[in-house]
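Dear colleague,

Please find below the structure that I am handing over to you, together with its sequence. My notes on what was found in it follow.

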Amino acid sequence: MMSKVTIYTKMMCPYCVDAKLLLTEKGQAFDEIDIGRNPDQRPVMIDRASGGHTVPQIFIGDTHVGGCDELYALERAGKLDAMLA
């Protein structure tokens with residue numbers, strides 16, 4: 001069973017698109033929370049991300065990965081698949 005992935009996004013965010021593309025290419029399902037459409041979720045995201053206020057904010061299980069750059073860094077380091085497993 002794959003880990004539960006949650007990604008906080010906003011419309012028109014190229015980094016959000018890139019992060020979702022990588023997860024989709026890996027066959028990873030994810031819950032997307034659009035903080036533009038659901039502004040009440042923004043403070044939840046900031047709290048979960050220990051102050052991170054930019055999008056995307058990505059969580060694998062309860063682990064805060066960070067944003068798009070951090071997700072791709074995990075992929076380049078060969079660590080993402082193990083986290084998603």
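Predicted model: local features only at pLDDT ≥ 70, side-chain atom pairs only at ≥ 80, totals over all residues.

**Helix H3 and its two sides**

Within H3, the residues Cys68, Leu71 and Leu74 are buried. They lie on the same side of the helix, because the arc they cover around the axis is only 125 degrees. Asp69 and Arg76, on the other side of H3, are exposed. The partners against which the buried residues of H3 pack are H1, S3, H4 and strand S4 (63-66).

**The nonpolar cores**

The largest nonpolar core has 13 residues, and those touching the most other members are Ile58, Leu71 and Leu80. At least two residues of this core come from each of the following elements: strand S1 (5-9), helix H1 (14-25), strand S3 (57-60), helix H3 (68-76) and helix H4 (80-84). Another core, of 9 residues, lies apart from it; Cys13, Ile33, Met45 and Val55 are among its members.

Leu80 deserves a separate word. Leaving aside neighbours within four places in sequence, Leu80 is in contact with Leu22, Ile60, Leu71 and Leu74, and also with Lys26 and Glu75.

**Salt bridges**

The model holds 5 salt bridges. Side chains of opposite charge can pair when their charged atoms come close.

- Lys26 and Glu75 form a salt bridge through their side chains, at 3.1 Å from N to O. Lys26 is in the loop between H1 and S2 while Glu75 is in helix H3, so this pair ties together parts that are 49 residues apart in sequence.
- Lys26 also meets Asp81 in a salt bridge, at 2.7 Å from N to O. Because Asp81 lies in helix H4 and Lys26 in the loop between H1 and S2, the parts tied together here are 55 residues apart in sequence.
- Asp31 and Lys4 meet in a salt bridge of 2.4 Å, N to O. This pair links distant parts of the chain, 27 residues apart: Asp31 belongs to strand S2 (residues 31-34), and Lys4 to the segment before S1.

As for the remaining pair, Asp31 is partly exposed, at 37% relative accessible area, whereas Lys4 is exposed, at 54%.

**Backbone details**

Is the peptide bond from Val55 to Pro56 cis or trans? This bond is cis, with omega near 0 degrees. Pro56 is found in the loop between helix H2 (42-48) and S3.

Ser50 is placed in the loop between H2 and S3. Although Ser50 is not a glycine, its phi is positive, at about 50 degrees. Ser50 is exposed, with a relative accessible area of 72%.

Met12 is another residue other than glycine with a positive phi, in this case near 65 degrees. Met12 sits in the loop between S1 and H1 and is exposed, its relative accessible area being 80%.

Yours sincerely

Terms used
Residues numbered from 1 in each chain as written. Heavy atoms only, no water. Core = buried A, V, L, I, M, F, W, Y, C linked by side-chain atoms within 4.5 Å. Buried < 20%, exposed > 50% of the residue type's maximum accessible area, 1.4 Å probe, protein only. Helix = DSSP H or I, 4+ residues; strand = E, 2+ residues; numbered from the N terminus. Contact = heavy atoms within 4.5 Å. Arc of directions from axis to C-beta. Salt bridge = Lys/Arg side-chain N within 4 Å of Asp/Glu carboxyl O.
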